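Biologist: I'm new to this one. Can you walk me through it?
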Amino acid sequence: MNELTHYINGAHVKGTSGRFADVMNPATGEVQAKVPLADSAEMDHAVQIAAAAQPAWAATNPQRRARVLMKFVDLLNRDMDKLAEALSREHGKTLPDAAGDVQRGLEVVEYCIGAPQLLKGEFTDAAGPGIDMYSMRQPLGVTAGITPFNFPAMIPMWMFAPAIACGNAFILKPSERDPSVPLMLAELLEEAGLPKGILQVVNGDKEAVDAILYHPVIQSIGFVGSTPIAEYIYGTGCSQGKRVQCFGGAKNHMIIMPDADMDQAADALVGAGYGAAGERCMAISVAVPVGDETADRLIEKLVPRIEKLKVGPYTGGNDVDYGPVVTAAAKANIERLVQTGIDQGAKLVVDGRGFSLQGYENGYFVGPHLFDHATPEMDIYKTEIFGPVLTTVRAQSYEEALKLAMDHEYGNGTAIFTRDGDSARDFASRINVGMIGINVPIPVPLAYHTFGGWKKSVFGDLNQHGPDAFKFYTRTKTVTSRWPSGLKDGGEFHFKPMD
Ligand code: NAD
């Protein structure tokens, strides 16, 4: 049995808590490794090392820090296939999708190479007689991140690349479901020249998360995962005086207007609904065709496309569209929710129940499902299913479709498919969702913009990556300086404008 480790102070370190979790191969249902679950003493050890290493890293000029990231990008490209394979083996997604996971993280690393520019402060010359005023952005110190299973390369990089570019030390607590790629990333960063202790990986579950939340030295926490845990981490972290940003679950609606190109919309829905087995926070899980005629045309286009989807293991060749879901529990939960949809009266147009793959009978494969005639009261509409299940809710007008998306508790992403610029513009302007696609089903912003939802999809005020990340991982300090005289005239007792 392969026993995974933590990565502390530049070395693989065995777990000492005595607790482990099984790391499964979701395609076969076999245990392929065990991952140690850290206790608070192990977390504290990593924090002390980070605290000792961080000041020298902060004092390293930003250009030199950026050079480490440049080299890291080269190493990511060198090892892309190896990383993708390790990722697919533990997550289950296809190899091209796994490479995309690494690539979308790599792009944020590339953005962070701009740290010398991004960290420049502001300066006002002669803010008063002999007075200059300037602000600088300084690192926070020891920072931490807690990441989900569904993007085990991308999301850790979204956090640690800006954190370390800004001069912080970072402790990553990855998902216990697929911890190998995060460990590989830490090794690569050290090969790229990152000093020991600046990026450490401490594996674990709630116990390790709580050790982060209550550790007095840790200054900030980034979290991505489900909404109940996001709420817990945000509330607890803030109560401990930390800077916290938490990104939660989603139920992304795609509105299909009567004038949309129906082939384009159907292709987009199939990719966005079933890609990665629906285990993406930006997956489209609700289709909202406007008008019954649009709905009928859409369903007619969707059904053959969905029935053609090839579900299989990542080793199954290039024509596999999506792989298994991550755990047996996730599969059981999806099946339970599908049953509620049937029981509550939605029409199951494509029935993926009972899907089995020869040779992989113990894998966590779920066939594609398509519901029509769902209503907002149903569990399949209200709940994030996080599986290959697309739910159609018919709206009778654009306003009804808009209201549906606006009334949902989640607000991560959404899309509208239309040929009418006026509808698209109105939608983008009025919708209360963070990321909007116009004829683009998965509108994940690129590295130099920022990523974040609204409503219950986010807790905190700054987004991930882009300029917001450089704000999140730094504190502003503003200096007012007066040279060379003035003080000898005696103290100032009144708060007054600088004239
Ligand atoms: P999860 O909430 O189960 O786990 C996320 C992290 O929290 C993991 O590291 C896990 O170890 C830890 N954790 C789990 N239970 C905990 C507890 N009780 N106390 C403290 N920590 C705990 O999420 P997941 O299943 O790994 O990921 C899927 C979820 O993440 C979905 O809801 C998806 O929408 C969301 N997600 C959101 C975004 C976004 O940017 N908004 C991106 C990716 C995934």
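This is a predicted model: local features need pLDDT of at least 70, side-chain atom pairs count only at pLDDT 80 or more; totals for chains, interfaces and linings use all residues.

Biologist: Is Cys166 buried or exposed? And Cys246, buried or exposed?
Modeller: Cys166 is buried, at 2% relative accessible area. Cys246 is buried too, with a relative accessibility of 0%.

Biologist: On to helices. How do H3 and H7 cross?
Modeller: H3 covers residues 80-91 and H7 covers residues 180-191. Their axes come within 9 Å and cross at roughly 155°. That makes the two helices roughly antiparallel.

Biologist: Which residues make the contact?
Modeller: From H3, you have Lys82, Leu83, Ala86, Leu87 and Glu90. H7 brings in Ser180, Val181, Met184, Leu185 and Leu188.

Biologist: How do they divide into nonpolar, polar and charged?
Modeller: In the contact of H3 with H7, seven are nonpolar, one is polar and two are charged.

Biologist: How about H2 and H6, at what angle do they cross?
Modeller: Roughly 150°, with the axes of H2 (residues 62-78) and H6 (residues 154-165) coming within 9 Å. H2 is therefore roughly antiparallel to H6.

Biologist: What residues are in that contact?
Modeller: H2 uses Arg65, Leu69, Phe72 and Leu76. H6 uses Met157, Phe160, Ala161, Ile164 and Ala165. Eight residues of the contact of H2 with H6 are nonpolar, no residue is polar and one is charged.

Biologist: I see phenylalanines there. Which cluster do ring pairs link?
Modeller: Phe72, Phe160 and Phe170 are linked into a cluster by ring pairs.

Biologist: How many aromatic pairs does the structure hold?
Modeller: Nine. One of them joins Phe149 and Phe386. Their ring centres are 6.0 Å apart and their planes are at 90°, so the pair is edge-to-face.

Biologist: Where do Phe149 and Phe386 lie?
Modeller: Phe149 lies in the loop between strand S8 (142-146) and H6. Phe386 lies in the loop between helix H13 (379-382) and strand S17 (389-392). So the pair ties together parts that are 237 residues apart in sequence.

Biologist: Is Phe149 buried or exposed?
Modeller: Phe149 is buried, with 15% relative accessible area. Phe386 counts as partly exposed, at 22%.

Biologist: What about Tyr360 and Phe365, how far apart are the ring centres?
Modeller: They are 6.3 Å apart. The planes of Tyr360 and Phe365 are at 80°, so this pair is edge-to-face. Tyr360 is partly exposed, at 25% relative accessible area. Phe365 is buried, at 2% relative accessibility.

Biologist: Switching topic. Where is His253 found?
Modeller: His253 is in strand S13, residues 252-256. His253 is buried, with a relative accessible area of 2%.

Biologist: What is His253 in contact with?
Modeller: Leaving aside neighbours within four places in sequence, His253 contacts Ile284, Val286, Val288, Tyr381, Leu404, Ala405, His408, Gly413, Thr414 and Ala415. Phe470 is 217 residues away along the chain, and its C-alpha atom is separated from that of His253 by 30 Å.

Biologist: Next, where does Asn439 lie?
Modeller: Asn439 sits in the loop between strand S20 (435-438) and strand S21 (454-455). Asn439 is partly exposed, at 27% relative accessible area. Beyond its neighbours within four places in sequence, Asn439 is in contact with Gln264, Ile416, Phe417 and Thr418.

Biologist: Last one. What does Glu3 touch?
Modeller: Not counting residues up to four places away in sequence, Glu3 touches Lys14, Phe20 and Lys34. Glu3 and Phe20 are 17 residues apart along the chain, with their C-alpha atoms separated by 9.1 Å. Glu3 is in strand S1, residues 2-3, and is partly exposed, at 27% relative accessible area.

How values were computed: Residues are numbered from 1 along each chain as its sequence is written. Side-chain values use heavy atoms; hydrogens and water are left out. Buried means under 20% relative accessible area, exposed over 50%, partly exposed in between (1.4 Å probe, protein chains only). Axes are lines fitted to C-alpha atoms, for helices over the stretch in contact, and angles run from 0 to 180 degrees between N-to-C directions. Helices (H or I, at least four residues) and strands (E, at least two) are DSSP runs, numbered from the N terminus. Angles under 35 degrees count as roughly parallel, over 145 as roughly antiparallel, 65 to 115 as roughly perpendicular and the rest as oblique. Contact means heavy atoms within 4.5 Å. Ala, Val, Leu, Ile, Met, Phe, Trp, Tyr, Cys and Pro count as nonpolar, Asp, Glu, Lys and Arg as charged, and the others, Gly among them, as polar. Rings of Phe, Tyr and Trp (its six-membered ring) pair if their centres lie within 6.5 Å; planes under 30 degrees apart count as stacked, over 60 as edge-to-face and the rest as tilted.
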